Every structure is written in structure tokens, then in C-alpha cells.
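This report concerns a single protein chain and the confidence with which its parts were modelled.

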Amino acid sequence: MGTKAKSEADAVDAWVRETLPRAVAYARSLLRHHAAAEDVVHDCYCRLLRRADIYDLPRDGTKLLYRAITNACINRFQRDRVFLSLDAPRPDGKAVGGATIPSRESEPDERLRLSELERAIEKGMELLSVTQRAALQLKMLDHSIQDIADTLGLTTTNTGVLIHRARQTMAGELASYLGEKAG
């Protein structure tokens with residue numbers, strides 16, 4: 001392998017290492033299941049790496065990766081209709097309607113507050129469409145409106161509206177928990 005090819009391979013390797021944790025977190029926020037998120041991210045990386053000779057991954061790969069993850073999650077969400085049984089545990093091992101058990105390190109009232117907040121956030125996120133969740137999550141990862149619009153294949157105006165409506169929905173769900181008025 002030549003020096004130029006090795007440096008390009010090193011740059012792509014560094015790009016994958018840098019983007020992987022956030023990519024999995026982003027996919028998980030959309031799919032709500034860690035193993036499924038890892039599968040989607042793995043598939044997206046494989047597709048991008050197969051075309052590494054066409055794309056400049058260290059420069060443009062992040063935007064392409066998030067767009068691929070978004071599309072894959074939307075496709076998976078539309079393809080896989082989830083049916084819940086009241087008797088069976090969820091795929092993540094939690095009981096249906098159950099909350100994650102907070103750490104024993106905190107006081108009981110703090111654990112209860114955190115558990116209630118977690119349920120309120122989950123409920124709010126479930127009310128959002130996949131596209132709204134994607135836009136909100138990308139915004140929370142400090143992406144610009146233009147980057148989010150490019151990633152989701154939308155206009156900047158539409159992206160701004162999606163984020164605004166998602167925030168309103170979340171504010172409405174969290175208002176009673178936070179003791180504020182939604183609006």
C-alpha cells in the first residue's frame with residue numbers, strides 16, 4: 001500500500017472512530033432500541049465504505065452518514081410495525097410500561113423524580129414523527145439548520161418548523177414535570 005493510500009485509509013479510519021458513538025446514539029434515539037440502532041449504523045457505514053473511492057468521507061462523510069441513518073431508520077420504522085403484548089417484556093428487557101430503575105446512589109425522591117422525567121421524555125419523543133425526532137436529535141447534537149435540512153432532504157424552513165413543533169410538543173409533555181406553562 002502506497003503512502004498516499006495509507007494516509008487516506010488512516011483518515012477514513014479516524015473518521016469512523018470519531019463519528020461512531022454519535023451515529024449510534026442518533027440511530028438509537030430514532031429507533032429506541034440499541035441493537036437495532038447498531039445494525040442500522042453498521043449497514044450505513046458498510047454502504048459508505050464500499051463507495052469510499054467516490055466520496056471524500058473525512059470531509060463529507062458525516063453528512064452522508066446521518067442522511068443514510070435517517071433514511072434507514074425511517075424505512076425500518078415503516079417496515080417493522082411493533083405490536084406490544086401486555087404479558088411480554090419489551091425487546092430491551094423492561095416490563096411494558098415500566099421505567100428504567102435509577103441508580104441506587106441517589107436518594108429515593110431523586111430517583112423518583114428522574115424516573116418520572118424519563119417517562120415524560122419517552123412519552124414526548126413517542127409523540128413525535130420519526131422526521132421530527134431526527135431533526136430534534138440532530139439539533140441537540142449541535143448541527144446547524146442547514147446541515148439538518150441537507151441530511152433530511154428538506155428545506156431549511158421546513159426543518160425549522162419541524163424543530164419548533166418538536167420542541168413545543170416536548171415542552172407540553174414536560175411542562176407539568178417542570179412546573180411551567182407550555183406555550
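The model is predicted: local features require a pLDDT of at least 70, side-chain atom pairs count only at pLDDT 80 or more, and totals for chains, interfaces and linings use all residues. Residues are numbered from 1 along each chain as its sequence is written, and side-chain values use heavy atoms, with hydrogens and water left out.

The average pLDDT (the predictor's confidence in each residue, from 0 to 100) is 79 for the chain, and 80% of the residues score at least 70. Helices are DSSP runs of H or I with at least four residues, numbered from the N terminus. Among the elements of the chain, H2 has the highest mean pLDDT and H4 the lowest.

| Element | Residues | Mean pLDDT |
|---|---|---|
| H2 | 34–50 | 90 |
| H4 | 108–127 | 80 |

Where pLDDT is low, the predicted coordinates should not be read in detail.

Helix H2 comprises 17 residues and reaches 24 Å from its first C-alpha to its last, close to the expected 24 Å; the expected span is 1.5 Å times one less than the number of residues. Its buried residues (under 20% relative accessible area, 1.4 Å probe, protein chains only) include Val40, Cys44 and Leu48.

Gly124 lies in helix H4 and counts as buried because its relative accessibility is 0%. Leaving aside neighbours within four places in sequence, Gly124 contacts Thr169, Met170 and Glu173. The C-alpha atoms of Gly124 and Leu174 are 7.8 Å apart, although 50 residues separate them along the chain.

Note on methods: Helices (H or I, at least four residues) and strands (E, at least two) are DSSP runs, numbered from the N terminus. Buried means under 20% relative accessible area, exposed over 50%, partly exposed in between (1.4 Å probe, protein chains only). Contact means heavy atoms within 4.5 Å.
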